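Biologist: I am new to this structure. Please show me how to read a few of its features.

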Amino acid sequence: MEIKMSFLQQKSKIIDWLKKNLFGSWISGIVTCLFAIITIFIAKAVLKFIFVTAKWDVIPANLKILMVGQYTASEVWRVWLSLSVVVFLLGVLWGIKRGIIKAVSFSIIAIFAITLLLPFVSIATRVWAFTQILLTLAGFWIGHKFKFIKKYYFLGWLLSVPIILILLNGVGNMKDVNTNLWGGFLLTVLIAVVDIVLSFPIGVLLALGRRSKLVVIRWFCIIYIEVIRGVPLITVLFGAQLLLPLFLGNGLELNNVLRVMIGFTLFNAAYVAETVRGGMQIIPQGQYEAAQALGLNYVQRITFVIMPQALRSVVPALVGSVIEVFKDTSLVAIVSLMDLLGIAKRVVANPQFLGRQMEVFLFVAAVFFVICTVISKISKRMEVSSSYGKV
């Protein structure tokens, strides 16, 4: 009886919602019906293409090059091992802090679980994907069980950067894999991660510099931010490719990937600076005065009072910037680097796969959609967590 009453209540709520939002008037009802018909036709055509018309054999045939570009096939294990380092550290962080890291970890596990279910992936890929799931869970257990690791996990993240670069590039007896061979989804993720990690602290410093009372520092930051925000990203990338070697001279040489990373970082830092500055401007003046009355110096006021509130208020804008950076990595094709989209263009240009543009680009769109959706969902969790003072 109780189940029946609950069902009737839910049914009543649904009917009330439909009346209020979709059929509130005769005009609203007509518009709803028209959009429903259009949606049905579009969905029917899309589903027919995906499950009947499309020839998806182009994806498994080119999966390796789409994921890692021209990275040496016999050395792909180094990419997986680098990923293992990241997921293990993420699992440890999950065991230590919970909160938003839990959602990130579950998203990572879900992606690898889906990879296990794909019919066209190789046995080696399935083994590596299953290993990533085990490493994430093992990291969680270690972080949860051994509390003393909390003091050292940040050191682990710092050490992971040179370790991953050594693994990917090679050193000593390891075979050297030139960065010009890096491509596909690997290059997309590397550029995006480096850009996001480095541009954030630079952007915060630029935001503080723009509000500085020191005239030289303030005007330097203002000029830098306005100049960078006033030119297209492509211009910055070409500048990084052509001008950096001139500034460095003949004694130091940077490969194309590092130049692009520097260009992306310098470009995104200007936008992060303006976002953070906007967050700082909405902090009431009383917060500054209260922090000063407590005897805190400038660094302590910014670190413990102002910046946490400012960043909390601009989480949606910062996450939007992260998503934009991830999608903008497709522009590296302009400077002769092959990211995921660049590799996709090369695949459809292959005479063997002529006429498969839709299948390849749908796959690329699905990859970008999944990653950006996960980031968006995580940002919403961050907003909810920050509103309760926990992240």
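Biologist: Does Val325 count as buried or exposed?

Modeller: Keep in mind that this is a predicted model. Buried means under 20% relative accessible area. Val325 has 5% relative accessibility, so Val325 counts as buried.

Biologist: Where is Val325 found?

Modeller: Look in helix 16, residues 315-328. Now compare sequence with space. Val325 and Val272 are 53 residues apart in sequence. From C-alpha to C-alpha, they are 11 Å apart in space.

Biologist: And Phe51, what does Phe51 count as?

Modeller: Exposed means over 50%. Phe51 has 66% relative accessibility, so Phe51 counts as exposed. Phe51 lies in helix 2.

Biologist: Which residues form the nonpolar patch on the surface?

Modeller: Patch residues have over 30% relative accessible area. Here the patch includes Phe51, Ile38, Trp56 and Met358. Together, the patch residues have about 950 Å² of accessible area. Helix 2 (26-53) and helix 18 (357-387) are the elements that give two or more residues to the patch. Helix 2 gives the largest share, seven residues.

Biologist: How do helix 9 and helix 10 cross?

Modeller: Check the axes. Helix 9 covers residues 184-210 and helix 10 covers residues 215-229. Their axes come within 7 Å and cross at roughly 125°. That angle makes helix 9 oblique to helix 10.

Biologist: Is the crossing of helix 9 and helix 10 left-handed or right-handed?

Modeller: Helix 9 passes helix 10 in a left-handed crossing.

Technical notes:
Residues are numbered from 1 along each chain as its sequence is written. This is a predicted model: local features need pLDDT of at least 70, side-chain atom pairs count only at pLDDT 80 or more; totals for chains, interfaces and linings use all residues. Side-chain values use heavy atoms; hydrogens and water are left out. Patches are made of residues with over 30% relative accessible area and no salt bridge: like charges are joined within 9 Å, nonpolar side chains (Val, Leu, Ile, Met, Phe, Trp, Tyr) within 5 Å. Accessible areas come from the Shrake-Rupley method with a 1.4 Å probe; for residues, only the protein chains shown count as cover. A salt bridge is a side-chain nitrogen of Lys or Arg within 4 Å of a carboxyl oxygen of Asp or Glu. Helices (H or I, at least four residues) and strands (E, at least two) are DSSP runs, numbered from the N terminus. Buried means under 20% relative accessible area, exposed over 50%, partly exposed in between (1.4 Å probe, protein chains only). Axes are lines fitted to C-alpha atoms, for helices over the stretch in contact, and angles run from 0 to 180 degrees between N-to-C directions. Angles under 35 degrees count as roughly parallel, over 145 as roughly antiparallel, 65 to 115 as roughly perpendicular and the rest as oblique. A crossing is left-handed if the near helix is turned anticlockwise from the far one by less than a right angle, and right-handed if clockwise.
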